[in-house]
Amino acid sequence: MQPHPYGRVYVLRLGHRPGRDKRVTSHAALVARAFGANGFILAGVCDPSVERTITRVTECWGGKSFHFECGVPPKRVVREWRKQGGEIIHLTMYGLPVDEIIDYIRISPREKLIVIGAEKVERFYYENADYNVAIGSQPHSEIAALAIFLDRLFRGRELKINYEDARARIIPQPRGKKVIGSGQC
Ligand code: SAM
């Protein structure tokens, strides 16, 4: 792994099963990009379909600086993140309620690695997280958990993201679609 290629907020996606999870993982990566994270790390494996999706979207809608990485051993990512002064936030229904803890996380200047799981997450991540954070105490989805966490972290400002390098730009309409530059996508 490169010495510290990371920006401020990264997402580490555990437990991806190529083929089976490609849609869920692609959507998690798209949520990371659209809701203000600087990068997405697909743990352990690479899945070309996930990478293609994120590349296609960034080429059209901007954000080429969004970093995508795959195949990295996830425990090493966690250890290096910590060694370089960053903090680990693991999203799990067993954690502390987001509203009780988000102010501490937001106020901390440390770079943030947000860990999301799939089926079963190893104990290592619970024990090595600075924060185990629950988005409600019901099981749901890593995509929903990530979206809500980022929205709480950025206090809704992420919904106004506009990428300078976008080829296409939406002009919001009460009805119908208006897009400038979509011919270049
Ligand atoms: N039993 C799992 C857990 O620990 O949250 C639910 C597994 S769910 C299929 C896959 C991932 O979604 C989890 O690893 C977690 O990152 C996220 N997730 C699901 N429900 C969540 C919740 N209520 N709060 C935070 N994250 C959640």
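**View 1. Strand E4 is the largest contributor to the shell around the ligand.** E4 gives the most to this shell, with four residues. Welcome to a predicted model, in which local features need pLDDT of at least 70 and side-chain atom pairs count only at pLDDT 80 or more, while totals for chains, interfaces and linings use all residues. Residues are numbered from 1 along each chain as its sequence is written, and side-chain values use heavy atoms, leaving out hydrogens and water.

**View 2. Here are the residues around the ligand.** The ligand is surrounded by 19 residues, the closest being Leu91, Thr92, Ala118, Ile135 and Gln138 (a residue is near if one of its heavy atoms lies within 4 Å). By class, the shell holds 12 nonpolar, six polar and one charged residues (Ala, Val, Leu, Ile, Met, Phe, Trp, Tyr, Cys and Pro count as nonpolar, Asp, Glu, Lys and Arg as charged, the others, Gly among them, as polar).

View 3. Look for Thr92, where a polar side-chain atom lies 3.0 Å from a ligand oxygen atom (a polar contact is a pair of N or O atoms within 3.5 Å). A polar backbone atom of Gly136 is 3.0 Å from a nitrogen atom of the ligand. For His140, a backbone N or O atom lies 3.1 Å from a ligand nitrogen atom.

**View 4. Helix H1 meets helix H2.** The axes of H1 (residues 22-34) and H2 (residues 48-61) come within 9 Å and cross at roughly 35° (axes are lines fitted to C-alpha atoms over the stretch in contact, with angles from 0 to 180 degrees between N-to-C directions; helices are DSSP runs of H or I, at least four residues, and strands runs of E, at least two). Among the H1 residues that meet H2 are Ala29 and Leu30 (contact means heavy atoms within 4.5 Å).

Notes:
Polar contact = N/O pair within 3.5 Å; in protein donor to acceptor, adjacent residues only side chain to side chain.
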